[in-house]
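Let's walk through this structure together, one region at a time. Keep the sequence and the 3D view side by side as you read.

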Amino acid sequence: MKNKKLSTSMTDSRFGGWGWSMIFYTMILYFFYAALTTDGMNLIPGAFAQAKGWDSNVLLSYATPAGILGLIGGFIFGRLVIKTKPRNMSGVTLIITGILYAVFGMAPSVTMYVVLLMLICFFASGFGTAACPAFIANWFPRKKGIALGWATMGAPLSSAAFVGGFSVMLEKLGVQKSFLFVGIAVVIIGIITFFWAKNEPEEVGCLPDNMAVDKNVKAEEPAAGDAYSLKNILKNKVTWLIIFGYGMLWMVLVGIISQLVPRMMSVGYSQPEAMRFMVITSLIAIPGSYIWGWLDSKFGTKIISVVFAVSYIVALVLMITAFNPVCVWIGCIFAGLGIGGLLNLLASMIISAFGREGFMPANSVIYPLASVIQKIAFVLVGSLLAISGGSYTLPYIVFIVIDIIGAVIIMFIPYKKEQ
């Protein structure tokens, strides 16, 4: 699989044979990470409740501590991937996660259900939040925006396809066989990883980004000593600007998407109608990933991140006036496009700030801490809804303020657009 022609543009998708192979591979990783840790929770509690007679609300509540353990895993694996390299990290954690998922469907008690769910979220972070973006950073340090735009389509594809497909499997095959089937599929991907994935393009005689080295651009100087040590990364002001800036934008995104169905129902839409809005929003996220990636590569990560923040202010204003069908549809478009953009821009900014060499150690710190800020959305929405008596106007106004603060913080990040 050789590259026939080098790319000459930052915005084209001429990644070469091996480049496209790696994008497709990372797309699969994003798909399974979203499916196993997030999207599947739409069905898992109810499936176990029906099969075992357990309380689905209690089962759902355990997703929170499992998610927290996943954040811890993101930090641990993010540090380990520096030494193990992305391929080994991805292959091993895929196999372990697949085995755990296959066993998950046989959980004999609520206790084992909780233990297995937490272990799944923990090990899935190895390929989902540590190895996956590391592959992109190694292969596409300059064209990271457009590459991430394609790769992260896997996450909304999971929302659109996995939930429906897994629902049919649960109905036709039952809990045990359904989880076994998905688990085996993940293990197979893990095994194939050792033959398919390549840590760096140089391993197969390719150039990063499938682009010739620009001799007019000064090469990045090797980092001295422990420049990317945990201590130095935490001392770097850029680290905290990215964490708080993108963490706040992420909080706003989660605050809108996680409450989209209840919001629609609060203004008079039926549950099926509200779910339809959610499905459409998820589908819009698929081209949204590419659009934000293209804009990132064309105009630069920093300015497009600010544009992203503005787009969500528009979405929030439209959601406040959700009684108007036109506003609802336009709001769903803006919200859906954003789903496919935030993780692109976050990873892209880390690569821009720390370079190909520093991405993995920096990402191991920034991603988990930004995730912590993101998760404040659930507590904040609940508290503000209690204060407002169930009205979403107050939470949305607060999110507009948070969005503006996040955008202002991002504007202070030192940034030079890739050429």
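## A guided tour

I339 touches L253, I257, T281, A285 and Y312, leaving out residues up to four places away in sequence; contact here means heavy atoms within 4.5 Å. I339 belongs to helix α15, residues 325–339. Helices (H or I, at least four residues) are DSSP runs, numbered from the N terminus, and strands (E, at least two) are defined likewise. With a relative accessibility of 26%, I339 counts as partly exposed. The cut-offs are these: buried is under 20% relative accessible area, exposed is over 50%, and partly exposed lies in between, using a 1.4 Å probe and protein chains only. I339 and G288 are 51 residues apart along the chain, and their C-alpha atoms are separated by 7.4 Å.

Before going on, a word on the model. It is a predicted one, in which local features need pLDDT of at least 70 and side-chain atom pairs count only at pLDDT 80 or more, while totals for chains, interfaces and linings use all residues. Residues are numbered from 1 along each chain as its sequence is written, and side-chain values use heavy atoms, with hydrogens and water left out.

The largest nonpolar core has 123 residues, of which F48, Y101, F104, Y113, F166 and I242 touch the most other members. Helix α16, residues 342–388, gives the most to this core, with 19 residues. Such a core is a set of buried Ala, Val, Leu, Ile, Met, Phe, Trp, Tyr and Cys residues joined through side-chain atoms within 4.5 Å. Take Y101 as a place to look: setting aside neighbours within four places in sequence, Y101 is in contact with L36, I44, I120, F162, F166, F179, V182 and G183.

Next, see how α16 packs against other helices. Helix α11 (residues 237–257) and α16 have axes 6 Å apart, at an angle of about 45°. Axes are lines fitted to C-alpha atoms, for helices over the stretch in contact, and angles run from 0 to 180 degrees between N-to-C directions. The two helices α11 and α16 are therefore oblique to each other. In this scheme, angles under 35 degrees count as roughly parallel, over 145 as roughly antiparallel, 65 to 115 as roughly perpendicular and the rest as oblique. The contact of α11 with α16 has 31 nonpolar, five polar and no charged residues. For these classes, Ala, Val, Leu, Ile, Met, Phe, Trp, Tyr, Cys and Pro count as nonpolar, Asp, Glu, Lys and Arg as charged, and the others, Gly among them, as polar.

Helix α6 also meets α16: their axes come within 10 Å and cross at roughly 175°. That makes α6 roughly antiparallel to α16. On the α6 side you will find T129, P133, A134, A137 and N138, which meet I351, R356, F359, M360, N363 and Y367 in α16. By class, this contact of α6 with α16 has seven nonpolar, three polar and one charged residues.

Return to α11 for another partner. Helix α17, residues 393–411, packs with α11 at an angle of about 150°, with the axes 8 Å apart. That makes α11 roughly antiparallel to α17. Among the residues making the contact are L241, F244 and G245 of α11 and F399, I402 and D403 of α17. The contact of α11 with α17 divides into 13 nonpolar, three polar and one charged residues.

Which helix is largely enclosed by the rest of the structure? Helix α7 (residues 144–151) is, because seven of its eight residues are buried. Those buried residues are K144, G145, I146, A147, L148, G149 and A151. What covers them includes α1 (16–37), α6 (110–139), α8, α13, α14 (301–320) and α16.

In helix α8 (residues 154–173), look for S158. At 0% relative accessibility, S158 counts as buried. Beyond neighbours within four places in sequence, S158 is in contact with F31, A34, A35, D39 and V163.

Finally, visit the loop between α9 (175–196) and α10 (230–235), where D209 is found. Most residues other than glycine have a negative phi. D209, though, has a positive phi near 70°, and N210 has a positive phi of about 55°. D209 counts as buried at 1% relative accessibility, and N210 is buried with a relative accessible area of 1%.
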